[in-house]
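These exercises ask you to read a protein model slowly, one element at a time. Try each task yourself before you turn to its solution.

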Amino acid sequence: MTGIPRTHPRYHSLIARENIVEGVNKGITSMQGLVAQGRGECFDYLLGERTVPSALLAEKIASALLLLADRPVISVNGNTSALVPEKMVELASVTGASLEVNLFHRTEERVSRIISHLESFGATRVLGVRGDGRLDLEHARAIVDQEGIYSADVVLVPLEDGDRCQKLVEMGKTVIAIDLNPFSRTSKTATLTIVDNVSRAMVNLISYSRQFGNCSHEELEEIAGDFDNATFLREAVGELMENLKNQ
């Protein structure tokens, strides 16, 4: 990895880019993931590279939903395995969620590499190898584990494909998306969308989940409340426009 001084004003962004490139070199991230990273970074610029208030509230609600779930699953793709592997392992541990590898550009070798990568950060059990369940889709992200995503009641899907997000919602699942683009099909389709950089979002999800760890079922339901995802998206767009005007 290229040596980047912490004093560099673009330090966190450059480290993320380096991690994605390293992920490609390790065979866990696809080349297409480089494009996806750049697209997300563009929207992060527009938001001011910060967690806006609506995203922080969404992260708070998402943490409660994960803790309320009977069968929570955190979906892992090539980019998230390169960007936030240790944070996904930690969030899974704190919330009792399973980790499952799910890839658009799927090969058994990539699945195995990602599982080994997560295990190097402390994961003890990662799903995704069996692929004995299938969603109603015509690409490889349709392949899921029966005991994992297929049977989950709550699925956290950082950096998601819109059509799979829609199918999961249609199956009656609560889908929590992390997507910097408030205009994407994923953002509009998910049950709850966190419009935030995945690295910042995971830190906040872990923090809130630890904070709420001893809450009762009733207290968690009160935290989750009766939210409206469209409101979160409108507020994110408003923050984006306000930041542009301030610039």
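**Exercise 1.** Which residues of helix α7 (residues 162–170) are buried?

*Solution.* Before starting, keep in mind that this is a predicted model, in which local features need pLDDT of at least 70 and side-chain atom pairs count only at pLDDT 80 or more, while totals for chains, interfaces and linings use all residues. Residues are numbered from 1 along each chain as its sequence is written, and side-chain values use heavy atoms, with hydrogens and water left out.

Helices (H or I, at least four residues) and strands (E, at least two) are DSSP runs, numbered from the N terminus.

Step 2 is to apply them to α7, where G162, R164, C165 and L168 are the buried residues. These residues lie on the same side of α7, because they cover an arc of only 165 degrees around the axis, the arc being that of the directions from the helix axis to the C-beta atoms.

Step 3 is to find what covers them: by contact (heavy atoms within 4.5 Å), the covering elements include β1 (72–76), β5 (143–144), β6, β7 and α8 (185–189). After α7 comes G172, with a positive phi near 90 degrees.

**Exercise 2.** What is the order of the strands in the open sheet?

*Solution.* Step 1 is the general rule: strands of a sheet pair through backbone hydrogen bonds, either parallel or antiparallel. Here two strands count as paired if DSSP finds at least two bridges between them.

Step 2 is to read the order, which is β3-β2-β1-β6-β7-β8 for this open sheet of 6 strands with parallel pairing. The edge strands are β3 (126–127) and β8, each of which pairs on one side only.

Step 3 is to follow the pairs of β1, which is joined to β2 by 4 bridges and to β6 by 3 bridges. On the β2 side, V73 stands opposite S98 and V76 opposite V101, while in β6 the residue opposite I74 is L156.

Step 4 is to continue to β7 (residues 174–178), which pairs in the parallel sense with β6 (residues 154–158) over 5 bridges, V155 having V175 as its bridge partner. Strand β7 is also joined by 3 bridges to β8 (residues 192–194), again running parallel, and there I178 has I194 as its bridge partner.

**Exercise 3.** Is strand β1 enclosed by the rest of the structure or exposed, and why?

*Solution.* Step 1 is to count: 5 of the 5 residues of β1 are buried, so β1 is largely enclosed by the rest of the structure.

Step 3 is to examine β7 in the same way, where 4 of its 5 residues are buried and the strand is mostly covered.

Terms used
Buried < 20%, exposed > 50% of the residue type's maximum accessible area, 1.4 Å probe, protein only.
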